[in-house]
Each structure stands twice: as structure tokens, then as C-alpha cells.
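Subject: Structure for you to look at

Hello,

Here is the structure I said I would pass on, with the sequence. My notes follow below it.

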Amino acid sequence: MKINGHYLELQDSYLFSTIAKKVAAFGESHPEAEIIRMGIGDVTLPLCPAVVEAMQSAVAEMGQKESFRGYGPEQGYDFLREAIAAYYAGNGVSLELEEVFVSDGAKSDVGNILDIFAQDNQVLIPNPVYPVYLDTNIMAGRNVRYLQADASNGFLPMPDETVDADIIYLCSPNNPTGAVYNRQQLKTWVDYANQKKAVILFDAAYEAFIQDSSLPRSIYEIEGAKTCAIEFCSLSKTAGFTGTRCGYTIVPLALECGGTKLNRLWLRRQTTKFNGVPYIVQRGAAAVFSSEGQRQTKEAIAYYQKNAAVMAQTLQKMGVWFTGGTNSPYIWMKCPAGYSSWEYFDKLLEQAHVVGTPGVGFGENGEGFFRLTAFGDAEKTKEAMRRMEALG
Ligand code: PLP
């Protein structure tokens, strides 16, 4: 027996466990402190009534012999794929049903998609970014090159024509920086990918937070994207599905490599290794796209966006440099007074009793930066901002 030795090349993921340990230790030694958590990227508002009702009736259907369902189609029920395609049509993107694959979330698909690519691909990954892109490539033993994201490019790296690439990860709105590519920037990426015959793996998990209608919510709003991009999306942050689990991936039929459609490879992969999302969850997911579901989920997003606005206003008042906060649930701030990410974490915890995420945990370029999330309670968010401002 031999193990996949590439797992030993992974860096231990200390970030959230170190945060939890530090917060627990501080809480024990300061039991009177009211700690406000703005670190973890999980939602706090419940599923909306339209989703709950749809799932309750699906449970009732499953309890009756006449309407019970066993295995469903691996790539999702048509009622949900149709709802997703209609949602894209609302943004001016037309999709064939077979281009839509329903899954248990974007994390699985982002990791699993690597099954359909050869080992010796050159991979470009932004730094800093959602750590799953890097770790899944290290597990597969692939060659990774970083796209340097920093304050000088607003944490939105652009292609370098002199660098070759086969697989390119883009995340917009970005986790952790909250930065969003505009149309022109995405067009530059799409042209680069088509020219290099590369594929863009576009993570749109936070598209629902885009308020500015001039910004693209899907890469397919950009001409030429269907021949070079796969898009991942999720209901986790859109509709509070972090614990319910449902997402979707778009693999256009026009996306080919040497005459082979990537759509066919992904279908083969999913039908072989995945048995579909529970019927009950898919009914809940379809309700997100109903007119009532859209109205209710937008209310929850507006609640988080208000938090983000409060945070952004505070940082502006403090004269702190930051990205995100308007079209994203994340705020990515420069640590004041030249503090390192962890130094600022400690200061904020000890002196303001506020918890955030050290930017360096998302990649080397995150050093000296800090991520705050808008997913918390509105009153607590305001209180946390008052404390941060007082701290200076
Ligand atoms: N993509 C990004 C950029 C994320 O930040 C996250 C979750 O934090 C995911 C994907 C995972 O989404 P899901 O819950 O659908 O697996």
C-alpha cells in the first residue's frame, strides 16, 4: 500500500483552530468580556419561509407511497435545473438544461472538477484566496503558480501575457478580499484564456451580494466565456444553505479540449461518483428561485449588506484602507499602524473583544491585512464597530 504523498505537502490548516483556541483562552481568563465574532464566514439568519414550506411539503411527499422518490438524476431534478437556468436568463445569460449540474455545494465541485483534468496542467491561483483551490491542487500533485493580488491592483490580479496557463481560478466577489472584477477586467481574462486554450474556474459563490448592476454576476455575461469557463455557484450565502447544502456548476457545451466536450466528462464524473442532492433539499433550493423566495432571500442579503455598510463607514471614518463591503459580505482591511495580521488579531481580541480573521491565513499576500464578515447580528456589528473606532 502506498499513500498519496502529496497530502503530506499540505500545510496544516491552523487558521480557524488557532483563532478558536485564542478566543477560548481569552474568554476563560476574561469571563466578563462580551466577545463579538466577526471572523467566520458562516451565515446567521435562518432559511426563509418559502424554502421551509417547500421542504416541509417535500418531506410529506417522501412519506407517502404514491409520491415517494428514491435515487434521483445525479445532475439534479429538471425542476431545479430549469429554475437555475431561468435565474441566469434574468441576468441575460441563456443556458441549456444539460449545462446545469446541481450539487451539494461549491466546495465539493471546486475540488472534484480536478478529476477531469490531466496532471501536467499549469495552474494559476490568486494569492490571497479561498484556500480550497490551492489545497486541492496540492493533493493532486499539480504545479501551481500564484497570481499576485495586493493593494496595488486592488486585490484583483490581471493576466500576464508572458505567462502560460491551463487552469485559472478566479473568485468574484472574492473571499477573502470582497473585491469584484468589472466587465472589462473579466473580458481581459476571457480573451487571455481563449488565446491560451486555458479554462477559467470561476467561483461566483457570492454573486448574490452584487448591488452595482454594472458588475457581472456571472462570467457568462462576458462574450467568449462559454468557450473557456466553468462557473461554480452556491446557495450557501445566497439563501443560508451552509448547513442544508446545495450548489450548482455550469459547464457550457461549447467548452471543448481537443474536440472533447468538458460537459460530457463532468457528466461522466458525476454519474460515476455522485448520487445527487436529496429531493427535499432540491425542492427547498427551487423555492429560492421562486418570486417569493427571491424576495425573502434578498431581504436577508440586505440585512447583511447593511452590516457591511456600517463596517465600511467606520473604516472610512478611521481612515483605514479596505476593499469589499459594498458588493460583498467581506471587508478586507489594512491593519492599522503597521500591525501584522496576527498582532492586530490579538490587539482587537484583547482590547476590543472583537474577533476577525488574520489575512495571512489566506496566503502570504494577506500579511498585514484582516478580514471582517458582515454575517453577524446587526446590533453586535454596530457595537463591534464602536469598539474598533474607539481603539483607533
Ligand atoms: N467558494 C468560496 C469562495 C467560498 O468562500 C465558499 C465558502 O465559504 C465556498 C465556495 C463553499 O461553498 P459551499 O458551502 O457551497 O460548499
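This is a predicted model: local features need pLDDT of at least 70, side-chain atom pairs count only at pLDDT 80 or more; totals for chains, interfaces and linings use all residues.

Helix α5 itself spans residues 132–139, and its buried residues are V132, Y133, T136, N137 and I138. Their cover includes one helix, α4 (106–112), together with the strands β3 (122–127), β4 (143–148), β5 (167–171) and β6 (199–203).

Sheet

Those strands belong to an open sheet of seven, ordered β2-β8-β7-β6-β5-β3-β4, with mixed pairing. The edge positions are taken by β2 (100–103) and β4; each has a single partner strand, so one side of each has no neighbour in the sheet. On average, neighbouring strands are turned by 20° against each other, direction ignored.

Within the sheet, β6 and β7 (residues 229–234) run parallel and are joined by four bridges. One of the residues involved is I200, whose bridge partner in β7 is A229. Helix α3 (residues 78–90) packs on the sheet and touches β2, β7 and β8 (247–250). The direction of α3 makes about 120° with that of β2.

Cysteines

How many disulfides are there? The count is zero, taking a disulfide as a pair of cysteine sulfur atoms within 2.5 Å. For C228, the closest cysteine sulfur is that of C257, and at 13 Å it is too far for a bond. C257 is likewise in no disulfide, the sulfur of C228 being the nearest to its own.

Helices α11 and α12

The last item is a helix pair. The axes of α11 (residues 341–352) and α12 (residues 378–391) come within 10 Å and cross at roughly 110°. Angles of 65 to 115 degrees count as roughly perpendicular, so α11 is roughly perpendicular to α12. On the α11 side the contact is made by Y344, K347, L348, Q351 and A352, and on the α12 side by R387, M388 and L391. Sorted by class, the contact holds five nonpolar residues, two charged and one polar.

Regards

Methods:
Residues are numbered from 1 along each chain as its sequence is written. Side-chain values use heavy atoms; hydrogens and water are left out. Buried means under 20% relative accessible area, exposed over 50%, partly exposed in between (1.4 Å probe, protein chains only). Helices (H or I, at least four residues) and strands (E, at least two) are DSSP runs, numbered from the N terminus. Contact means heavy atoms within 4.5 Å. Two strands pair if DSSP finds at least two bridges between them. Axes are lines fitted to C-alpha atoms, for helices over the stretch in contact, and angles run from 0 to 180 degrees between N-to-C directions. Angles under 35 degrees count as roughly parallel, over 145 as roughly antiparallel, 65 to 115 as roughly perpendicular and the rest as oblique. Ala, Val, Leu, Ile, Met, Phe, Trp, Tyr, Cys and Pro count as nonpolar, Asp, Glu, Lys and Arg as charged, and the others, Gly among them, as polar.
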